[in-house]
Amino acid sequence: MDAQQQRQIASAGGRAAHASGHAHEFTSEEARQAGRKGGEARSQRSRAGAGSDRDIQDEAGGASMRGGQQR
């Protein structure tokens, strides 16, 4: 499936969710809280001496780019 076709399908799903009333729409206060939470988490990682985001991804079981192998 090409990227254009995938976008069209996702767009149709989004329109359907909004039309049926099942889609969540963030208020500006919810968005502000989410941004604050993300900023705090990143700040805590920095203070804890964590390495790069890739190191954190590796620790969380994310795919490793080393040698083209996945865990």
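I began with Gln4, which is partly exposed, with a relative accessible area of 40%; buried means under 20% relative accessible area, exposed over 50%, and partly exposed in between (1.4 Å probe, protein chains only). I placed Gln4 in helix 1. Its side chain makes a polar contact with the side chain of Arg7, at 2.9 Å. I took a polar contact as a pair of N or O atoms within 3.5 Å; within protein, one must be able to donate a hydrogen and the other to accept it, and residues adjacent in sequence count only if both atoms are side-chain atoms.

*Basis of the entries.* I note that this is a predicted model, in which local features need pLDDT of at least 70 and side-chain atom pairs count only at pLDDT 80 or more, while totals for chains, interfaces and linings use all residues. Residues are numbered from 1 along each chain as its sequence is written, and side-chain values use heavy atoms, with hydrogens and water left out.

*Confidence.* I looked up pLDDT, the predictor's confidence in each residue, from 0 to 100. The protein chain has a mean of 80, and 69% of its residues reach 70 or more. Confidence is highest in helix 1 (residues 3–20), at a mean of 96, and lowest in helix 3 (residues 53–59), at 61. Where pLDDT is low, the predicted coordinates should not be read in detail.

*Elements.* I found 3 helices and 0 strands in the protein chain; helices (H or I, at least four residues) and strands (E, at least two) are DSSP runs, numbered from the N terminus. Helix 1 has 18 residues and reaches 26 Å from its first C-alpha to its last, close to the 26 Å expected. The expected span is 1.5 Å times one less than the number of residues.

*Salt bridge.* I searched the whole structure and found 1 salt bridge, defined as a side-chain nitrogen of Lys or Arg within 4 Å of a carboxyl oxygen of Asp or Glu. The side chains of Arg32 and Glu29 form it, at 3.2 Å from N to O. Both residues lie in helix 2 (residues 28–47), 3 residues apart, about one turn of the helix. I recorded Arg32 as partly exposed at 45% relative accessibility, and Glu29 as partly exposed at 37%.

*Burial.* I noted that buried residues make up 4% of the 71 residues in the protein chain.
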